[in-house]
Amino acid sequence: MTSELYEVPEKIRLTNRFRRLREQGSLRTLLKETRLSSSDFMYPIFVDQRLSVREEIPSMPGIYRLSLSELDKELAEVAGLKIPAVLVFGLPNRKDSSGSEAYATDGIVQQAVRAIKKSAPQLVVATDVCLCQYTDHGHCGVIRNRRIDNDETLELLSRIAVSQAEAGADIVGPSAMMDGQVQAIREALDRRGFQETAIMAYSAKFASAFYGPFREAAESSPLWGDRRSYQMDPPNRREAMREIEVDIREGADIVMVKPALSYLDVIRDARNRFRHPLAAYNVSGEYAMIKAAGKNGWLDDKQVALETLTAIKRAGANIIITYFAKDAAKWLREVN
Ligand code: PBG
């Protein structure tokens with residue numbers, strides 16, 4: 001065979017040359033359809049009542065359980081990186097059957113919120129409204145006859161939300177997946193004069209194995225059974241829209257899809273369908289797998305993390321809750 005067979009005729013005229021716009025870095029910057037920024041992020045922090053120093057979470061390298069005394073340093077860093085918001089999780093020094101430390105006036109989250117409001121008043125403070133870190137059985141609700149009792153749990157969730165609002169939380173985030181939790185919390189907040197406290201509803205929260213590292217970090221694994229009687233079944237995309245719709249009707253200010261990476265289609269559906277601000281939670285397992293592969297030299301964790309966060313934003317999320325927030329904010333300063 002002669003090589004002429006492969007020769008391109010001299011007068012080929014391509015109408016479309018995509019590569020024209022891909023050649024130069026600055027031109028690529030100009031044409032980015034999705035721009036990731038540190039202002040997209042909400043950074044989760046774990047505060048542990050039993051600690052006097054910080055302790056790294058083994059399955060989440062770079063993420064720590066903080067003592068109250070370590071909080072200031074962390075907040076200064078977060079604020080310095082122009083991350084606008086934190087999401088506070090607590091580990092109490094005592095668990096019981098009704099998770100009473102979750103709504104104690106001097107509970108760990110309540111103390112942390114007051115401390116944050118004092119030392120970093122510019123940060124938006126969101127809190128997680130749930131029972132699993134505080135109950136001795138590790139479930140997100142009250143147990144009656146080995147079942148998680150929905151309606152009885154609503155009262156406790158309302159107490160938790162009110163106590164966090166009292167401490168100064170700007171946003172409360174119910175994550176227990178009890179039916180009616182948004183309505184119950186909205187009514188309770190309003191009755192106490194907290195009309196200005198916003199609700200970020202974990203509306204479409206799936207029963208996901210990607211929460212594994214979080215449960216290790218927060219010591220919140222259920223002692224028996226699993227969370228499938230209250231969290232959503234992963235295959236259900238239509239049901240996710242119903243969950244979000246109902247939360248909006250109950251008064252949610254921000255709605256959420258969680259996890260993010262395996263549910264990008266749900267994020268896109270929600271963005272197309274609703275006008276509310278939409279949060280996506282890039283959960284612990286998503287963080288852990290990228291970190292682990294990076295540590296092994298199997299992929300470039302920095303590039304993969306930025307690609308992932310961009311994908312979550314491209315899918316339609318307005319707020320990205322991510323353990324990568326601090327790292328990504330630093331990396332974005334380099335690339336932008
Ligand atoms: C509490 C809660 C969980 C997460 C956030 N809030 C754990 C769970 O539902 O088991 C998971 C967050 C993560 O994995 O990063 N209900």
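The largest cavity has a volume of about 170 Å³. The model is predicted: local features need pLDDT of at least 70 and side-chain atom pairs count only at pLDDT 80 or more, while totals for chains, interfaces and linings use all residues. Residues are numbered from 1 along each chain as its sequence is written, and side-chain values use heavy atoms, with hydrogens and water left out.

A cavity is a set of points, on a 1 Å grid over the protein atoms alone, where a 1.4 Å probe fits but cannot get out. A pocket is an open set with protein on both sides within 12 Å along at least five of seven lines, and lining residues have an atom within 4 Å of a point. Grid points are joined across faces, edges and corners, and a volume is the space filled by probe spheres set on the points.

### Enclosed and open spaces

By this rule there are two cavities of 30 Å³ or more. The largest cavity is lined by 20 residues, and those nearest its centre are C132, K205, Y211, F214 and K258. Two or more lining residues come from each of β9 (198-205) and α6 (212-218); helices (H or I, at least four residues) and strands (E, at least two) are DSSP runs, numbered from the N terminus.

The second largest cavity is lined by Y43, P44, I45, F46, G62, I63, Y64, L66, E74 and K326.

The table sets out volumes and lining classes. Ala, Val, Leu, Ile, Met, Phe, Trp, Tyr, Cys and Pro count as nonpolar, Asp, Glu, Lys and Arg as charged, and the others, Gly among them, as polar.

| Space | Volume | Lining by class |
|---|---|---|
| Largest cavity | about 170 Å³ | ten nonpolar, five polar, five charged |
| Second largest cavity | about 60 Å³ | seven nonpolar, one polar, two charged |
| Second largest pocket | about 290 Å³ | six nonpolar, five polar, seven charged |

### S220

S220 is found in the loop between α6 and α7. The residue is buried, with a relative accessible area of 0%; buried means under 20% relative accessible area, exposed over 50%, and partly exposed in between (1.4 Å probe, protein chains only). Neighbours within four places in sequence aside, S220 is in contact (heavy atoms within 4.5 Å) with C132, Q133, G138, F214, R215 and R227.

### Strand β11

Five of the five residues of β11 (residues 278-282) are buried, so the strand is largely enclosed by the rest of the structure. In a regular strand the side chains alternate between the two faces of the sheet. Here L278, A280 and N282 point one way, and A279 and Y281 the other way.

Two strands pair if DSSP finds at least two bridges between them. Strand β10 (residues 254-258) runs parallel to β11 and is joined to it by three bridges, with V255 opposite L278. From β10 the chain passes through helix α8 (residues 264-273) to β11 in a right-handed β-α-β crossover. Right-handed means that, with the strands pointing away from the viewer, the path from the first strand over the helix to the second runs clockwise.

Strand β12 (residues 319-322) is also parallel to β11, and four bridges join the two. The bridge partner of N282 in β12 is T322.
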